[in-house]
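Hi everyone, thanks for coming. Let me put the structure up, and then I'll talk you through a few spots in it.

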Amino acid sequence: MAVQEMKLREKSAPARVRVVVEEAAPPMMPVIYRRLSAESLRQALRKMLLIRRFEESAEDAYMRGLVHGTMHLSIGQEASAVGICAALDPTDYMTSTHRGHGHCIAKGAQVSRMFAEFFGKEDGYCRGRGGSMHIADVSTGNLGANGIVGGGIPIAVGVALSMKRQKRSSVVVSFFGDGANNEGAFHEALNMASIWKLPVIFVCENNGYGMSTSSDRSTAVKDVAQRASAYAMAGRIVDGNDFAEVAQAAFDAVERARQGGGPSLIESKTYRIRGHSRSDRNRYRTKEEIEAWLARDPIGAFERQLLRLGFITTADIDAIRADVEREIEEAIAFAKASPAPSIEELTRYVYSD
Amino acid sequence: MSTLIETRPAQRPQDVFAGDGRSHVSRARELTYAQAIQEALAIAMEADERVFLMGEDIGIYGGAFQVTGDLVQRFGTERVMDTPISELGAAGVAVGAALTGLRPIFEFQFSDFSTLAMEQIVNQAAKLRFMLGGAVSVPLVMRFPSGSGTGAAAQHSQSLEAWFAHVPGLKVVQPATPYDAKGCLLAAIADPDPVMIFEHKLLYKMKGEVPEGHYTVPLGKARLCRPGRDVTVVATSIMVHRSLAAAEELADEGIEAEVIDLRSLRPLDRDALAASVKRTHRLVCVYEGVKTLGIGAELSASIAESDAFDYLDAPILRLGGAECPIPYNPELEKAAVPQTPAIIAAVRNLVRGRR
Ligand SMILES: Cc1ncc(C[n+]2csc(CCOP(=O)(O)OP(=O)(O)O)c2C)c(N)n1
Ligand SMILES: [Mg+2]
């Protein structure tokens, strides 16, 4: 009886995990680039560079005592954030994670106000109350990083429900890590998104580890994308260090969501180059492993691809890099000059005024 | 009426400030608070095969605060067990193991994440024995790294101990010194019921005298840290040290504060508190959890309901966390919980009759 039931369910909910195999050296232009202008590709590269330089500068500021607490860097994961957000409109929503600087910038935040937040200043996106782990920019649809692993996933489903009820065309992206997919919240959220056919794109950025715990030690399935089949939604694996592959999957999933086709799960396989946070002693992985991934740096790969396809020149790249450098410098100056919040306002914003 | 209050060499207040580089008079043997916990874990695992550890990144990573450190090398991955990031499920696993002959010690990476496991703690662990008419027990220990002061903001800085203390079936302790950290943990492991241990993150690097070998600190007994005639300051966790520092300064002004480390929220040592208030005639409660409906309310009420009430020469005062989440900005963060100068001012005003 139980077996029969299982089979019936399988029939009504076929697994649709599609494994996209990376080709050795694709000589052709990725199909998705037909939909993206040369300018938007250059902007994508600029955003990836901006994320990288933002995080390197934030790390530097941390060392110099300008940043309080801890932070989680996404260096090495930039193609994933920018590739997903390339398919989004400013009116689309996003929930992010503790490793959320890249998502925030990719969705359109100003690095000046992000630095101000990191420095605990009043001009920060959270008026200095949140810091790195709660960075948000509601004006661009980023509902915030989250200090609770998996915390944003059900929230994203709620936002999607709200969009559907209000007949708004916005879709919602929920970023989370490979560790988060073992929280009950992940499973409950995917199920609800599926039964209610909600416009949400679940993006698991699988960087191989939740802190020190590798996904093969924590996760029963080999690929997180396999879990999509349990909730009758499309699951897809992409090379998270390949902008084009990520963007293609994102456009497909966003299109499905906007057309009422319901949720999708994208597993973006990538790697975090830095430690989990400031306290990481890196005991659980080898130097060789890190070096192998350094050789697959998503920014270098994207630059080379754009050069090869003639979307950009080396002079353009130099100009973009110089421009990013200027933006970072100005942003830090802005953040330093911003006033600190006043102690008298400690309990402000707990309730609506 | 008077209950046992043990006295031990008072912890020097500056000990709290980890890594300040100051050296102290050499004592028999000093360990940090984190080392004291680790030693207790090792002693218990060595002595009893049923004892094992569960938590996120407590193996090769050593735990987010290096409390388990290298224990995995000594006891292996079966007894120092990394769990997936599944607080609710893993807490349930611990409850099941405790029900059936094992002695799990569960580490929350941050106390805040216990909110994901409330179901298992509050509805299951705390009630199973009662619901089953005493047929089972749940010898479970859970450790909660708590408190603010690290810049980790609202979701990694909370002091939720009063929540748990509100649940009959749980025991809730807050050791403030390395000595108590080890002794309370060993007592908790020996206890047949679920014990929740709230450890303050800022205390992990604090050093103090810790005897070698096995000893226990009774759960539910307060500790008199410093006798004084003018006012009783009852504090928990890191606030014990801030209160001791305050008492030292106040002594220079001629105000003698008696400082009591509550140590346990459930059971609550009401007698020790009442006895002290009868001696000093004034009471100030200092704790980090949010003030309203916090532990101070219970302490005040318990004095108001007792015969110690007649001895009071001044209203009872509470110093607790501000009515807001813990903010990120360092100055705001400090302002959100009691600090030594605020304790000094409050006690001085109370004793001098200025409020
Ligand atoms: C509920 C909860 N449990 C544990 C943590 C501590 N923690 C923060 S990040 C993290 C690892 C998360 O791994 P993953 O989801 O893979 O994201 P990554 O850090 O790799 O980006 C852990 C255990 C937390 N913040 N929230
Ligand atoms: Mg991960």
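So, B:Phe164 counts as buried at 0% relative accessibility, where buried means under 20% relative accessible area with a 1.4 Å probe, protein chains only. B:Phe198 is buried too, at 1%.

Quick word on what you're seeing: this is a predicted model, where local features need pLDDT of at least 70 and side-chain atom pairs pLDDT 80 or more, while totals for chains, interfaces and linings use all residues. Residues count from 1 along each chain as written, chains are lettered from A and ligands numbered from 1 in written order, and side-chain values use heavy atoms, with hydrogens and water left out.

Back to those two rings. B:Phe164 and B:Phe198 make a tilted aromatic pair, 5.5 Å centre to centre with 50° between the planes. Rings of Phe, Tyr and Trp (its six-membered ring) pair if their centres lie within 6.5 Å; under 30 degrees is stacked, over 60 edge-to-face, the rest tilted. The whole structure has 20 aromatic pairs over all chains. Ring pairs also link B:Tyr33, B:Phe65, B:Phe110, B:Phe113 and B:Tyr204 into a cluster.

Now, how many residues of chain A are in contact with chain B? It's 39, against 34 residues of chain B, with contact meaning heavy atoms within 4.5 Å.

And salt bridges? The count between chain A and chain B is 2, each a side-chain nitrogen of Lys or Arg within 4 Å of a carboxyl oxygen of Asp or Glu. B:Asp82 forms a salt bridge with A:Arg217, with the closest N and O atoms 3.0 Å apart.

Notes: Buried means under 20% relative accessible area, exposed over 50%, partly exposed in between (1.4 Å probe, protein chains only).
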